[in-house]
Amino acid sequence: LVARMRPFGETIFAEMSRLAAETGAINLGQGFPDTDGPRSLLDAAARHIREGVNQYPPGPGRPELRAAVAADRRRRHGIELDPDSEVYVTVGATAGIAAGVLGLVEPGDEVVLFEPMYDSYAAVVALAGGVRRPVTLRPDPAGGGRFTFDPAELRAAVGPRTRMIVVNTPHNPTGTVFTRAELAEIAAVCREHDLIALTDEVYEHLVFDGAEHVPLATLPGMAERTLSVSSVGKTFSVTAWKTGWVMGPEPLVRAARTVNQFLTFTANGALQLAVAEALEGESAWVRAQRDALQAKRDRLCAGLAAAGLGVLRPQGTYFVLADIRPLGLTDGIELARSLPHRAGVAAVPAQVLYDNVEEGRHLVRFAFCKRDEVLDAAAERLVAAL
Ligand code: PMP
Ligand code: GLN
């Protein structure tokens, strides 16, 4: 294995899902729903496969999907994209993020990231030969448990070698939906230091309590310097479909496209057609799913609190972070490794998503994108065991 990848072993999601399977534990670790997406979407995919959409799609993706993505972005956010040159389809957001970083970060360039951070960011920055500059998200000192950043720490992380900032909102694993004011701070730094922003918006629809997802690209001066990434997995509860897209100005999309030609070349064709139709026709399903998830968040938060954990209530995504210190525990990795055996529940230690591991030692992530009876059973087990 090449030296720059040696710090990266098996992903925490694979490790915890395997442990859950081995022990028969309820898996609240890796984030995936246990119910399917809209019937029309599943039927459309099957129909397209039966009807012969089984050869390579065009390199940039099916035109139907690129047009649907551009129309969706215009309808919901007023962003204008040329579907031919400013939208490019990838194998999930994961490939879009990788292609964007590999296409835009030179060896030695610095990349600012908010920690805790989704695990693929650190790995692809390392693959590109870039250097990570983490900015730590912490619960708001004013209370409420919402994670945010200190603008002074953000500014301190930026230097002459900084090339890119990665912004994931809604944020995995804290559940923070960045406010317009927070995004304005980030945008100001990008403009002042001429940075490229790479956004990860895979949870764009999963926001609760009336919170609003604001794409960074809609802020002044940002459209021309932002490569935005999203995908279908979370929006339509089909995480195995691995169909995503990058969006932005042609030079940034071209950079990702040039790299991605040699990573995956194209993505799955029949699914792209089905997704294009769902983006246009299934907004009511998406809203209902969001409301159902909000209730699931409340259900799991109540269960975790009953088990004695400190709950850091999220505004979006599939996840809630819990503070284990009220139980007299300090090491989330130790707890997550023993929990499947002790309690029959699997979770993810947040510590592995930090560069400054001390910041996240006491945090464990639980997924609430599960059927109510599964969440209730998990809560009962946690209450009994902890
Ligand atoms: N970004 C974040 C923040 C995620 O949680 C995930 C997990 N699905 C991804 C990207 C990857 O998305 P995809 O499955 O579309 O590759
Ligand atoms: N995004 C999901 C999570 O954070 C899945 C991660 C994965 O499977 N790589 O749990």
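User: What does the shell around ligand 2 look like by class?

Analyst: That shell has four polar residues, one nonpolar residue and no charged ones. In this scheme Ala, Val, Leu, Ile, Met, Phe, Trp, Tyr, Cys and Pro are nonpolar, Asp, Glu, Lys and Arg are charged, and the others, Gly among them, are polar. Keep in mind that this is a predicted model: local features need pLDDT of at least 70, side-chain atom pairs count only at pLDDT 80 or more, and totals for chains, interfaces and linings use all residues. Residues are numbered from 1 along each chain as its sequence is written, while chains are lettered from A and ligands numbered from 1 in the order in which they are written.

User: Fine. Which residues surround ligand 2?

Analyst: Thr-11, Phe-13, Gln-30, Gly-31 and Asn-172. A residue is near a molecule here if its C-beta atom, placed from the backbone, lies within 6 Å of it.

User: And ligand 1, which residues come nearest there?

Analyst: Gly-92, Ala-93, Thr-94, Asn-172 and Ser-231 come nearest, out of 13 residues around ligand 1. By class, that shell has three nonpolar, eight polar and two charged residues.

User: Which helix gives the most to that shell?

Analyst: Helix H4, residues 92-104, with three residues. Helices (H or I, at least four residues) and strands (E, at least two) are DSSP runs, numbered from the N terminus.

User: Asn-172 turned up for both ligands. What's the peptide bond between Asn-172 and Pro-173 like?

Analyst: The bond joining Asn-172 and Pro-173 is cis, with omega about 15°. Pro-173 sits in the loop between S7 and H7. Pro-170 is in the loop between S7 and helix H7 (180-193) too, and the peptide bond from Thr-169 to Pro-170 is cis, with omega near -15°.

User: Now the largest nonpolar core. Which members touch the most others?

Analyst: Val-101, Leu-304, Val-320, Ala-322, Val-345, Val-364 and Phe-366, out of 122 residues. Domain 1 and domain 2 both give residues to this core, so it lies between them. A nonpolar core is a set of buried Ala, Val, Leu, Ile, Met, Phe, Trp, Tyr and Cys residues joined through C-beta atoms within 7 Å. Buried means that 20 or more other C-beta atoms lie within 10 Å of the residue's own; 12 or fewer is exposed, in between is partly exposed, and C-beta atoms are placed from the backbone.

User: What does Ala-322 touch?

Analyst: Leaving out residues up to four places away in sequence, Ala-322 touches Leu-304, Leu-309, Gly-310, Val-311, Leu-312, Val-364 and Phe-366.

User: Back to torsions. Is Ser-237, with its positive phi, buried or exposed?

Analyst: Ser-237 counts as buried because it has 21 C-beta neighbours inside 10 Å. Its phi is about 55° although it is not a glycine, and it lies in the loop between strand S9 (226-231) and strand S10 (244-247).

User: Last one: what does UniProt list for residues 25-382?

Analyst: The unreviewed UniProt entry lists them as "domain: Aminotransferase class I/classII large". UniProt positions are given in the numbering used here, feature names are shortened, and annotations may be inferred rather than shown by experiment. In the model, that span is 39% helix and 17% strand, and its end C-alpha atoms lie 11 Å apart.

Note on methods:
Domain bounds come from an automatic or database domain assignment. Two residues are in contact if their C-beta atoms, placed from the backbone, lie within 7 Å.
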